[in-house]
Amino acid sequence: MASTMFCSVMLCFIVYLSFYPQQTMATAPEAVKGVDLARYMGRWYEIASFPSFFQPKNGENTRATYTLNKNGTVHVLNEVWNNGKRNFIEGIAYKANPKSDEAKLKVKFYVPPILPIFPVVGDYWILSLDQNYQYALIGGPTNLFLWILCRQTHLDDQIYNQLVEKAKEEGYDVTKLHKTPQSDPPPM
């Protein structure tokens, strides 16, 4: 039932992206350069994000796990718990421009996951990343989506505020940010 609901929401997302005008920012945000994708791999917890209709409104423990494939692409596993039930979707990420050193990726999911028919492709730009690869700010060329990610389930308030300020500098309306509830310890 939960998987069916998740698939339905993702199908709506496809329709939404097809007809909704992209809200391109006056100046495109600047992506980080020289990211070591191998170091970026692993689990990231969603600390905050812009609400989107393809994620459950009362979702919690949202996280992404990235695994580097032999061909240089990245396997993406996005998970969220909603009313105690795990929902997930898998996809592939790849550099938008393989010749560029900018951290601008494309992420492709197939919907519905059980019978992958419709490809949904989105932007995944790393706008800020600490030198130890412990927290990141993710956005894209539009102001529709924004994520604050961390290797841990919680992020220090000072660092969180620095990332919010960076997002504001890049042109995002940070008043739309919603903190994601995370359990400690996280679900298995």
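Residues are numbered from 1 along each chain as its sequence is written, and side-chain values use heavy atoms, with hydrogens and water left out. Because the model is predicted, local features need pLDDT of at least 70 and side-chain atom pairs count only at pLDDT 80 or more, while totals for chains, interfaces and linings use all residues. The protein contains 3 helices and 9 strands; these elements are DSSP runs numbered from the N terminus, with helices being H or I of at least four residues and strands being E of at least two.

**Overall architecture**

- From the N terminus on, the order of elements is α-α-β-β-β-β-β-β-β-β-α-β.
- Of the 188 residues, 44% are buried; buried means under 20% relative accessible area, exposed over 50%, and partly exposed in between (1.4 Å probe, protein chains only).
- Among contacts between residues at least 6 apart in sequence, 55% join residues at least 24 apart, a contact being heavy atoms within 4.5 Å.
- The protein exposes about 10300 Å², of which carbon and sulfur atoms supply 56%; accessible areas come from the Shrake-Rupley method with a 1.4 Å probe, and for residues only the protein chains shown count as cover.

**Helix 3**

- Helix 3 (residues 157-169) has 13 residues and reaches 18 Å from its first C-alpha to its last, close to the 18 Å expected at 1.5 Å a residue; the expected span is 1.5 Å times one less than the number of residues.
- Its buried residues are Tyr 160, Leu 163, Val 164 and Ala 167.
- Seen down the axis of helix 3, these buried residues fall within an arc of 100 degrees, so they line one face of the helix; the arc is that of the directions from the helix axis to the C-beta atoms.
- The buried residues of helix 3 pack against strand 1 (42-49), strand 6, strand 7 (135-139), strand 8 (147-150) and strand 9 (178-179).
- Gln 158 and Glu 169, on the other side of helix 3, are exposed.

**Salt bridges**

- The structure holds 7 salt bridges, each defined as a side-chain nitrogen of Lys or Arg within 4 Å of a carboxyl oxygen of Asp or Glu.
- Arg 43 pairs with Glu 79 in a salt bridge whose closest N and O atoms are 3.9 Å apart.
- This pair links distant parts of the chain, with Arg 43 in strand 1 and Glu 79 in strand 3 (residues 74-82), 36 residues apart.
- Arg 43 is partly exposed at 33% relative accessibility, whereas Glu 79 is buried at 4%.
- A network of salt bridges links Arg 43, Arg 63, Glu 79 and Arg 86.
- Glu 165 and Lys 168 form a salt bridge (3.9 Å, N to O); being 3 residues apart in helix 3, they are separated by about one helical turn.
- Glu 170 forms a salt bridge with Lys 166, the closest N and O atoms being 2.9 Å apart; Glu 170 is buried at 13% relative accessible area, and Lys 166 is partly exposed at 23%.

**Loop residues**

- Pro 29 lies in the loop between helix 1 (2-19) and helix 2 (37-40) and is buried at 3% relative accessibility.
- Not counting residues up to four places away in sequence, Pro 29 touches Trp 125, Leu 127, Gly 140, Pro 141, Glu 170 and Tyr 172.
- Ile 117 sits in the loop between strand 5 (104-111) and strand 6 (118-129) and is partly exposed at 46% relative accessibility.
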